[in-house]
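Please look over the sequence and the structure shown here before reading on.

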Amino acid sequence: MGDHFVPKYYLKGFCPDFGKSIWVFDKKENVSYQTQVKSTANQTNFYANYLEKHLTEEIEIPANVVLSRIWDKQLLSHSEKLVFSQYIYKLIKRVPKGKGKIESLIPDVALSLNKELHQEIDSLVKEYPSYSEIALQRKAEIDSILQNRLNGTKTNEIWHQTILADSSNFINLLSSMKWIFWVQNNGTFLTSDNPVFFFESLGIANQNSELSFPITSNITLWTTWREDAVEGYKTPNPATIKEFNRRTASNCSRFIFSQNNEKWIQSFISKSTFHLNRII
């Protein structure tokens, strides 16, 4: 069994009666199928052993208690918000799209660092010309080290370290926002292989920022800085339900998950573009 980049316990919220089977919609292949939760949203050797242990024991197990309280529509304490904010942060980083973002940044960072180090060495050679031969050796060593860091194994190590990096700023911000849980009985909230949505151009610190995260097929978390927002469990209108599903479909890498095989889902998620709106 591979490493689950979307936690199994979380996915139970998108199974009929919190069971073991779930519907998967593949945007790439344009197919849908029902499978076991244990067999989806996972990849062999996706994480190092130490990271898998960290995610399971330090992130998922504490957050599962909070998830259960949300499933039961209980209000959360601030300490529970902190636990769940950590869970959300790690989920953003641990999924395939999170890995892809890090991989896309590494070449530019390596090139910039290489250039900076070469310039520092050149400055030293100007001051101490007798070190020119050693300088050439050091430049070659730097080139070799950075090139090694660009291979697959080293890239994974860098990505894994970003998952473990300090997240206190994000956690403190998210836990300080207003948390509203939208609960509906007549529609279907979707989730995906990248379920946490926020407008990346804003981040979450901007006064206009908001974050949404489907919790179950019937519950979605929405966080906002709006002073007039009242925390708790509320009933959304059909337009709000559809907006949350647009966010999920636009944000996924490849797979959408649902408790039902409803006809509208495949055509809905197959759109090439989505017009996204803020929740008002």
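How far apart are the mean positions of the 32 positive and 29 negative charges of the chain? They are 7 Å apart, where Lys and Arg count as positive and Asp and Glu as negative, with His and the chain ends not counted, and where the place of a charge is taken as NZ of Lys, CZ of Arg, CG of Asp or CD of Glu. The model is a predicted one, in which local features need pLDDT of at least 70 and side-chain atom pairs count only at pLDDT 80 or more, while totals for chains, interfaces and linings use all residues. Residues are numbered from 1 along each chain as its sequence is written, and side-chain values use heavy atoms, with hydrogens and water left out.

The C-alpha trace of the chain spans about 80 × 45 × 40 Å along its principal axes, and its secondary structure comes to nine helices and 11 strands, these being DSSP runs numbered from the N terminus (helices H or I, at least four residues; strands E, at least two). Of the 280 residues, 46% count as buried, a term that means under 20% relative accessible area, as against exposed at over 50% and partly exposed in between (1.4 Å probe, protein chains only). The chain exposes about 14600 Å², of which carbon and sulfur atoms supply 51%; accessible areas come from the Shrake-Rupley method with a 1.4 Å probe, and for residues only the protein chains shown count as cover. Among contacts (heavy atoms within 4.5 Å) between residues at least 6 apart in sequence, 78% join residues at least 24 apart.

An open sheet of five strands, with mixed pairing, has the order β7-β8-β9-β5-β10, two strands being taken as paired if DSSP finds at least two bridges between them. Its edge strands are β7 (197–198) and β10, each of which pairs on one side only. Helix α7 (residues 168–176) packs on this sheet, touching β5, β8 (210–214) and β9, and its direction makes about 65° with that of β5; such axes are lines fitted to C-alpha atoms, for helices over the stretch in contact, and angles run from 0 to 180 degrees between N-to-C directions.

Strands of a sheet pair through backbone hydrogen bonds, either parallel or antiparallel. Strand β5 (residues 178–183) shows both senses, pairing antiparallel with β9 (residues 219–224) over six bridges and parallel with β10 (residues 232–234) over three bridges.

Two bridges join β8 to the antiparallel β7, where Phe198 stands opposite Leu211. Five bridges join β8 to β9, again antiparallel, with Phe213 facing its bridge partner Leu221, and a hairpin connects these two strands through four residues.

Helix α8 (residues 238–251) lies across β5, β7, β8 and β9, running at about 85° to β8. Within helix α8 is Thr248, which counts as buried because its relative accessibility is 5%. Leaving aside neighbours within four places in sequence, Thr248 is in contact with Leu190, Thr191, Ser192, Pro214 and Ile256.
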